[in-house]
Amino acid sequence: MAETDKDDLINIIEEDERDAKLPEIMPLMPVRDVVIFTDMLLPLFVGREKSVRAVEEAVRKDGFLFLVTQKDPNVENPNENEIYRIGTVARVLRMLKLPDGRVKALVQGIAKARISDFVRRKSVYRVKIEKITEESIREITLEIEALMRNVREHSEKILAFRGELTGDVGTILEEINDPGKLADLVASNLRLKIDESQQLLELIDPVDRLKKVNELLSREVQLSAMQAKIQSDVKDEISKNQRDYYLREQMRAIHRELGEQDEKAQEIQEYRKKIKRAKMAKEAEKEAAKQLKRLEMMHPDSAEASVVRTYLDWLVELPWSRSTKDIINIKNSKKILDSDHYGLNNIKDRILEYLSVRKLNAKMKGPILCFVGPPGVGKTSLGKAIAKAMKRKFIRISLGGIRDEAEIRGHRRTYIGALPGRILEGLKQCGSNNPVFMMDEIDKVGADFRGDPSAALLEALDPEQNFAFSDHYLNLPFDLSKVMFILTANLTDTIPSALLDRMEVINLSGYTEEEKKIIAETYLLPRQIKENGISAKKMTISSEAMRQIITEYTSEAGLRNLEREIGTISRKLARKTAEGEKGPFHISKGNLQKYLGVPKFIAEMDQEESQIGLSTGLAWTQVGGEVLYVEATLIQGKGELIITGQLGEVMQESARAAVSYARAHLSFFGLEENFFENTDVHIHVPAGAIPKDGPSAGIAMATALISVLTNKPVNKYVAMTGEITLRGRVLPVGGLKEKALGALRAGIKTIIIPEKNMKDLTEIPANVKRKIKFIMVKNMKEVLPIAIDGYIVNEKK
């Protein structure tokens, strides 16, 4: 009720005087954002040209002006359909022209009226009105009295919530005994929407209007109470924070008087010492000092202070200048590598070369090595041995399945819970800036909408860039050039070419049977005996039994399953020991099945004898080399080629090339040229559930088909690998070492390889070359006499 006070009521004109003075035609002025009630006194700022003319005309004549609310307050010049029909006749009590051309008018509502007709529309609206006469309340009943009292109480409550309640307002409300006037007075001061206020204005019956006002007041009381509660809660929280701040300041003053440091000052002093001890780079030290100054100015319990503390903790705990001293003794390092790993001479030579150069040039950058090989060949354990040989700390992280770039580079500090990436996290844990840092499963890094982690690794793994590696969290350069990065992968196909280019790839193909036996007896068996709590004197495994475990219970390039089988034997003997048996226990070839059950793999060939249409190829897989059987058969048909066994596109093309070669050389096999007109060829590569692809099975497919055509069996002890062309040439393939090891495990005696693969024989261990005969060929004419028993080339045609 800010617009109406006690002085306003003095200006309320008696009803009889209004009846006498109200003209039928008067100027109209649309108003927006307000509904004028009777007896309402308020100033209006008039700026629209038509409205200014209406006010001036009212002042020139009798002072009466018809005020009506427009439906849309955004309309600048409303027409007659855009204003309400019921409004209020007002008297202009005072008018003042402002310098900017606007008019300030003080108006007072006199009576309600309805527009009956528009007399003039152009320069100013003039309307003919019809006064709305309300029924007078002759007797104030108990119901009306209760309603009026309720309205007064609610009004006072709202004013009390707003802090506007005074004694004068209460007096004014008590002095009004007319229900209609009370409703209009309260409604004019309620913060109502335009349509709600207009509905009240259009209610003619005073009691109905008062009831509606009472409903609106009840709602407003609830809203005001809730608003007051919210403000009170906020005020209490602010008061609590102010109180806590005041008490802390008092505690600081007391500590100063006692000559003691308070907690905050002590914390700041501690950070200064840590920053000095960290010996950061100049840029990092400058940033640390800046953040420490910010922390000093913050409230210790604020959320931002916690973020700054975490950032400072990372800065002071990172090994900016802390490193381990390399104790390089080449002979001793070789002993350490040999004691932990058998074989792997290429990798050991590369590590010793690095150590030699490091000894001569201490400032050389760390190499980026990538060990590629099947699972279980010792890639990760070799990294630990390298760290041991160099007297460096060792860190290992697994990158398999990582899809978020922030795992490598960290999150920006703007995010809640942000932390640095896994590279800096590892360096912080080890406390050294020159560790051996192993990243496993680099070939299994993914990418999605959150970024590409492999792209983030480009900077970290580039010796020309990683001296200033930038983590998103630190936002400062960190020197990674002293770190020796070692990565591991099962294959290089899925590693991005840009990342692969930064790495020195060293292949670990797998172990031969003899190497596995030596490793099992030297490393695996003692480890399992120790882990299962058995005395070394109580458990022995004969050489024959160990060979049988390798050949008949495992079939792998690595050693994991071999160690599991040895662990199975150790656990069974541990149980016997726990049950009271004294031992010693000797595992021989005769009692091996008692501990491990029936053999899982047959060391000899799967086929008992050489068969027609069944050749043996060689395949490279992620877990090493394997033999690949190719079956071919002829059936009555229309000369079609049937290919089964889940073969990829490249392998299907090899099959078509093999068939085309055979068809082109039918005369050499003693067959008619139209032999395939009524014959279909079916080539199948078991097992059918395993997808296969690659070109190296070309000569095996051609051999199996020609075996069927000539009705002569393929030697079961001969395996072959090579790509075939339509002219019968045999092209080179990859993975020869892995394929040779797989053939040895399968009992193969002879391997046919392309002549251009002769250079790869140097990588094959000497004991493998002693057990397997390698025959090099240029074309299929050289393959067939070796692979097919009793094959004779028909030289007549």
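Begin by selecting Phe-675, which at 27% relative accessibility counts as partly exposed, a class that lies between buried (under 20% relative accessible area) and exposed (over 50%), as computed with a 1.4 Å probe on protein chains only. The model is predicted, so local features need pLDDT of at least 70 and side-chain atom pairs count only at pLDDT 80 or more, while totals for chains, interfaces and linings use all residues. Residues are numbered from 1 along each chain as its sequence is written, and side-chain values use heavy atoms, with hydrogens and water left out.

Colour the chain by pLDDT, the predictor's confidence in each residue on a scale from 0 to 100; the chain averages 83, and 93% of the residues score at least 70. Over residues 1-20 pLDDT stays under 50, and for these residues the model has 30 contacts beyond four places in sequence, a contact being heavy atoms within 4.5 Å.

Turn next to the aromatic rings. A search of the whole structure finds 5 aromatic pairs, where rings of Phe, Tyr and Trp (its six-membered ring) pair if their centres lie within 6.5 Å, and planes under 30 degrees apart count as stacked, over 60 as edge-to-face and the rest as tilted. Select Trp-320 and Phe-478, whose ring centres are 5.0 Å apart with planes at 55°, so this pair is tilted. The two residues are 158 residues apart and link distant parts of the chain, with Trp-320 in the loop between helix H11 (303-317) and helix H12 (330-340) and Phe-478 in strand S11 (residues 477-478); helices (H or I, at least four residues) and strands (E, at least two) are DSSP runs, numbered from the N terminus. Both Trp-320 and Phe-478 are buried. Returning to Phe-675 and Phe-676, their ring centres lie 5.4 Å apart and their planes stand at 85°, so the pair is edge-to-face.

For charges over rings, select Lys-50, which lies over the face of Tyr-125 at 4.2 Å from the ring centre, and then Arg-413, which lies over the face of Tyr-311 at 3.9 Å from the ring centre; the criterion is NZ of Lys or CZ of Arg within 6 Å of the ring centre and within 35 degrees of the ring normal.

Now centre on Gln-70, in the loop between strand S3 (64-69) and strand S4 (86-97), which at 1% relative accessibility counts as buried. Its side chain makes a polar contact with the side chain of Arg-48 (3.0 Å), and a polar atom of the Gln-70 side chain lies 2.9 Å from the backbone oxygen of Val-75. A polar contact is a pair of N or O atoms within 3.5 Å; within protein, one must be able to donate a hydrogen and the other to accept it, and residues adjacent in sequence count only if both atoms are side-chain atoms. Leaving aside neighbours within four places in sequence, the residues in contact with Gln-70 include Pro-30, Glu-82 and Tyr-84.

Finish at helix H27 (residues 780-787), whose buried residues are Met-780, Val-783, Leu-784 and Ala-787. Looking down the axis of H27, these buried residues fall within an arc of 100°, so they line one face of the helix, the arc being that of the directions from the helix axis to the C-beta atoms.
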